[in-house]
Amino acid sequence: MTHQTLLEILIRSRRSLFVIGMASAMLVGVLWVTLPTTYEATGTLLPATLGSDGTHLQLQSSIMQDLQMLGNATGSEGGLSGQGLTNVYLTLLKSRTLGDILIKEYSLREIYHTKTDDETRKAFSDHLAVTVTPEQAIVVRLRDHDATRAAEMTNRLILKLNTMT
């Protein structure tokens with residue numbers, strides 16, 4: 001097939017190509033207008049483990065004090081390490097307890113259009129992402145179709161975590 005033959009085919013099919021292009025553009029426009037916008041709120045935590053003199057900071061909650069004593073009883077020096085505290089924070093952030101608090105406070109069952117509590121928890125966990133940076137900072141990301149609600153839920157999640165630790 002030569003270039004001239006290809007050009008002749010394109011010229012003969014120009015009307016069909018134009019119609020297909022316009023239909024595709026209209027479909028993209030309709031999808032753009034109808035699909036809901038998703039917002040993401042991000043919060044970052046850095047679990048404090050060492051004081052300025054190199055010793056562990058005093059932990060305030062009873063849960064953290066119990067974990068500290070458990071570390072001492074098992075023979076590890078100083079109790080929980082920085083990575084151990086990060087793992088505790090991760091576990092608490094992904095816990096059913098914190099999830100259920102947000103689900104109830106923000107009526108997420110109605111927002112996510114779910115029928116059971118388990119479906120709502122699954123939908124909530126799909127909207128929540130928790131990661132750890134190389135510096136052991138915990139990054140909490142929460143997606144929602146309402147920017148204000150995403151920010152409020154992220155802040156509430158971190159505040160509830162702070163009351164638990």
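Why does His127 count as buried? His127 has 19% relative accessibility, so it counts as buried (under 20% relative accessible area, with a 1.4 Å probe and protein chains only).

## Ground rules

This is a predicted model, where local features need pLDDT of at least 70 and side-chain atom pairs count only at pLDDT 80 or more, while totals for chains, interfaces and linings use all residues. Residues are numbered from 1 along each chain as its sequence is written, and side-chain values use heavy atoms, leaving out hydrogens and water.

## Around His127

His127 sits in helix H7, residues 117-127 (helices are DSSP runs of H or I with at least four residues, strands are E runs with at least two, and both are numbered from the N terminus). Skip its neighbours within four places in sequence, and His127 is in contact with Tyr112, Arg141, Leu142 and Arg143 (contact means heavy atoms within 4.5 Å).

## The sheet

Now for the strands. Three of them form an open sheet in the order E1-E3-E2, with antiparallel pairing (strands pair if DSSP finds at least two bridges between them). Strands E1 (39-45) and E2 (128-132) are the edges, each pairing on one side only.

E1 and E3 (residues 138-144) pair over seven bridges. Leu45 has Ile138 in E3 as its bridge partner.

## The core

Leu45 and Ile138 turn up again in the largest nonpolar core, which has 24 residues; they are among those with the most contacts inside it, along with Leu93 and Phe124. Such a core is a set of buried Ala, Val, Leu, Ile, Met, Phe, Trp, Tyr and Cys residues joined through side-chain atoms within 4.5 Å.

Definitions and conventions
Buried means under 20% relative accessible area, exposed over 50%, partly exposed in between (1.4 Å probe, protein chains only).
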